[in-house]
Amino acid sequence: MSPVTRTRRDGTSRPARHRAVQLPAVVVLTLVWLALWGSVAPLYVLGGVLVAVGTCLVFPLPPVDLAARVRPLLLLALLGRFLVDVVRASVQVSRVVLTRGHVRNAVVAVDLESSSDFVLTLVAAMLSLVPGSVVVEARRSTHTLYLHVLDVPDAEAAEAFRRSALELEQRVLAALPPRASEEVPA
Amino acid sequence: MTWTVALDVAAAACLLTGALLALVAAIGVLRMPDLLSRMHAATKPQVLGTVLVVLGVGLRLRDPSTVALLALVVVLQMTTSVVSSHLIGRASFRAGQVRHDLLVVDELSEVLDHEEPRGAP
């Protein structure tokens, strides 16, 4: 995705400027502030909003463009499956740690189908949180993730991991389908 | 058995399981052969371990403001561990701190060999 550009009056283009203070960021930062104080009294809310706006002004970030619709039921299924995966993989990694000193690993390349940065980030984060796999390299240009996977005895198992990673991407795409206008022809 | 007792028992179970996972992570750091394998052992069971310990504390204290703080702990733990594990893994791979004899499949080295070293991905 190339940066959004605006045209100046003299015809040259410049990168589009985004607003520093964005409502979602302010809301989230205010919630963090309230959680830290442990109180929702009006004075704390006011203080939280002030601190949030100040933080956004000092550390401006580009807005996160979700560019996706949300299917709540499939999103719940995605999260549930993710929790099951985390627990199962934790048990698996614990067993490997306790019973075997010698493990074989693999570095597997996963070519994602979607060209969205958001999906790439989400899949990478979820794969990282599941024990047994770490993202060692991510290529934004080709939408490829390179993962280091623990306890891979042979090439067959590496292939199985690649399939499971692509299935995770499909679940993400099903739960958060990209809007039609945002779809980029491959 | 009343509700409070049931919650206390659940809290104890969560705390113990979480502590056990943290112990396994520590053993893994000692036993695993190379850096990336150790990272798996150290960072991952610990995510579930932290969540379980925090859940146990929340079930025991049962106080809304504390639960909000604990939820913050979990969210920050999950977001930061992803970024830190990726950066450590990436840096170690590029610095050559990988035991290639332990790798069954390596699809990254062949790609990295063909490109000039540069900072940005």
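Guide: Over residues 20-37 of chain A, the chain is 83% helix and 0% strand, with end C-alpha atoms 25 Å apart; helices (H or I, at least four residues) and strands (E, at least two) are DSSP runs, numbered from the N terminus. Residues 43-61 of chain A are 84% helix and 0% strand, and their end C-alpha atoms lie 27 Å apart. UniProt, in an unreviewed entry, places the feature "transmembrane region" at both of these spans, residues 20-37 and 43-61 of chain A. Such UniProt positions are given in the numbering used here, with feature names shortened, and the annotations may be inferred rather than shown by experiment.

This is a predicted model, in which local features need pLDDT of at least 70 and side-chain atom pairs count only at pLDDT 80 or more, while totals for chains, interfaces and linings use all residues; pLDDT is the predictor's confidence in each residue, from 0 to 100. Residues are numbered from 1 along each chain as its sequence is written, chains are lettered from A and ligands numbered from 1 in the order in which they are written, and side-chain values use heavy atoms, with hydrogens and water left out.

Helix H2 of chain A comprises the 17 residues 42-58.

Within H2(A), the residues A:Gly48, A:Ala52 and A:Cys56 are buried (under 20% relative accessible area; exposed is over 50% and partly exposed in between, with a 1.4 Å probe and protein chains only). These three cover an arc of only 65 degrees around the axis, which puts them on the same side of H2(A); the arc is that of the directions from the helix axis to the C-beta atoms. An α-helix has 3.6 residues a turn, so residues three or four places apart point the same way.

What covers the buried residues of H2(A) includes helix H1 (23-37) of chain A, where contact means heavy atoms within 4.5 Å. On the other side of H2(A), A:Leu43, A:Leu46, A:Leu50, A:Leu57 and A:Val58 are exposed.

Elsewhere in chain A, A:Glu137 is buried, with a relative accessible area of 1%. The side chains of A:Glu137 and B:Arg90 meet in a salt bridge (3.0 Å, N to O), that is, a side-chain nitrogen of Lys or Arg within 4 Å of a carboxyl oxygen of Asp or Glu. This pair crosses between chains, from strand E4 of chain A to helix H3 (residues 64-94) of chain B.

Notes:
The expected span of a helix is 1.5 Å times one less than its number of residues.
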